[in-house]
Amino acid sequence: MIAARWVWLWGMAAAAVLAVILWAALTPVAAGSRDEIFEILKGTWARRMAGDKVEILPQQIRLTLGVRDILVLINRDDVPQTFGPVLMMPGQSFRLPFGVASHYQFACTAHASGQMTVIVDATPASPWTRLRWRVGTLLRSGRWP
Amino acid sequence: MRKPPAFRYERGVSVVSRFGALLLLLSLSIGAACGAEPGGVLKAGVFEPARLAPDFTLRGSNGSDLTLSRYRGKLVLLAFGYTSCTEVCPITMAVLARARRELGAAGADLQVLYVTVDPERDSVDRMHQYLANFDPSFIGATGTEEQLAVVRKAYGIVATKMPVGDSYGVAHSSSVYIVDRDGSLRAMMPFGHSADDYVHDAKLLLKK
């Protein structure tokens with residue numbers, strides 16, 4: 001009796017996992033906004049001058065065509081800042097769309113290597129690529145896409 | 001007493017026109033916020049709000065002083081590089097030359113300016129000969145190391161000298177800045193974009 005109950009529970013759990021995998025593989029990916037936004041917050045320069053190590057931009061940014069393929073940089077600080085590949089005035093934003101899947105290298109003084117990489121992946125169109133993209137995004141960002 | 005219909009009509013037009021103006025303002029604001037130009041969205045990265053492009057005066061490869069603000073009224077594509085560059089500059093210049101050709105008559109309103117990051121080797125004559133290989137209308141700009149450093153700083157350009165065998169190369173920012181007819185620094189096209197992308201953006205920006 002107890003063994004039958006365990007079998008039933010395991011069966012239900014397996015069915016639920018299978019349903020999630022099927023959903024992740026078969027449902028087309030979509031995004032409300034295609035913007036990937038990075039901001040320099042007000043007071044960042046002052047914090048840096050005070051000796052704080054403030055990371056404002058990762059060395060590698062990953063985007064996906066058709067889903068999240070517009071890099072938006074915003075300088076909310078009171079001083080001009082070199083943000084990735086661009087010099088931005090206070091209050092200014094820079095909006096860079098990507099239309100081709102590729103690896104993009106930008107000179108960036110904010111990083112020790114002097115380079116910043118933007119990896120733009122192709123739109124996940126097949127069930128396998130959708131599943132891989134969803135799992136990858138979940139592992140990278142901690143949120144279910 | 002009832003108001004005459006004409007009054008109501010005019011009042012209605014006024015409300016409609018105000019509502020229309022509000023909608024127009026809203027759509028323009030949204031368009032501006034999204035980096036859109038009337039008739040489309042730029043392929044290049046867009047600055048919002050655009051600032052006046054930092055002005056400079058350097059020695060032009062055409063033999064006279066080159067002042068950026070003198071090109072108001074034209075769409076300026078501002079590139080930084082050096083004539084000994086083998087990886088980036090020849091491709092960028094070829095793409096810009098092709099874009100200008102593809103623009104046809106409108107290409108006359110487009111000016112490519114190429115500021116050197118290697119004044120030690122890039123003389124006026126050398127830049128003139130180099131650029132003429134791509135498009136005779138392209139103008140190079142050189143100056144003292146100090147003058148060029150000021151210009152690079154104003155545009156956030158990185159240029160680092162690197163030893164290559166017995167000589168040296170310069171690792172430099174490879175994007176092209178787009179300065180509109182009003183002299184505003186509107187956008188930046190990263191390296192790797194096609195001539196078609198430049199043509200697309202130039203057509204949108206030249207409409208203004």
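This is a predicted model: local features need pLDDT of at least 70, side-chain atom pairs count only at pLDDT 80 or more; totals for chains, interfaces and linings use all residues.
Residues are numbered from 1 along each chain as its sequence is written, chains are lettered from A and ligands numbered from 1 in the order in which they are written, and side-chain values use heavy atoms, with hydrogens and water left out. Helices (H or I, at least four residues) and strands (E, at least two) are DSSP runs numbered from the N terminus.

**Helix H3 of chain A**

- The buried residues of H3(A) (buried being under 20% relative accessible area, with a 1.4 Å probe and protein chains only) are Arg130(A), Leu131(A), Trp133(A), Arg134(A), Gly136(A) and Thr137(A).
- Helix H1 (2-26) and strand S2 (60-64) of chain A are included in what covers these buried residues.
- Just after H3(A) comes Gly142(A), which takes a positive phi of about 80°.

**The sheet across both chains**

- An open sheet of 11 strands with mixed pairing runs in the order S1(A)-S3(A)-S6(A)-S3(B)-S12(B)-S11(B)-S6(B)-S7(B)-S8(B)-S4(B)-S5(B), where two strands pair if DSSP finds at least two bridges between them.
- Its edge strands, each pairing on one side only, are strand S1 (35-40) of chain A and strand S5 (65-67) of chain B.
- Strand S6 (residues 93-97) of chain A pairs with strand S3 (residues 45-52) of chain B in the antiparallel sense over three bridges, and Phe94(A) stands opposite Phe47(B) in S3(B).

**Chain B as a whole**

- Chain B has five helices and 12 strands, and buried residues make up 46% of its 208 residues.
- Among contacts in chain B (heavy atoms within 4.5 Å) between residues at least 6 apart in sequence, 72% join residues at least 24 apart.

**Cysteines**

- A search of the whole structure finds zero disulfides over all chains, a disulfide being a pair of cysteine sulfur atoms within 2.5 Å.
- Cys85(B) is in no disulfide, and the nearest cysteine sulfur, that of Cys89(B), is 3.6 Å away.
- Cys85(B) counts as buried because its relative accessibility is 8%, and Cys89(B) is buried with a relative accessible area of 2%.

How values were computed
Buried means under 20% relative accessible area, exposed over 50%, partly exposed in between (1.4 Å probe, protein chains only).
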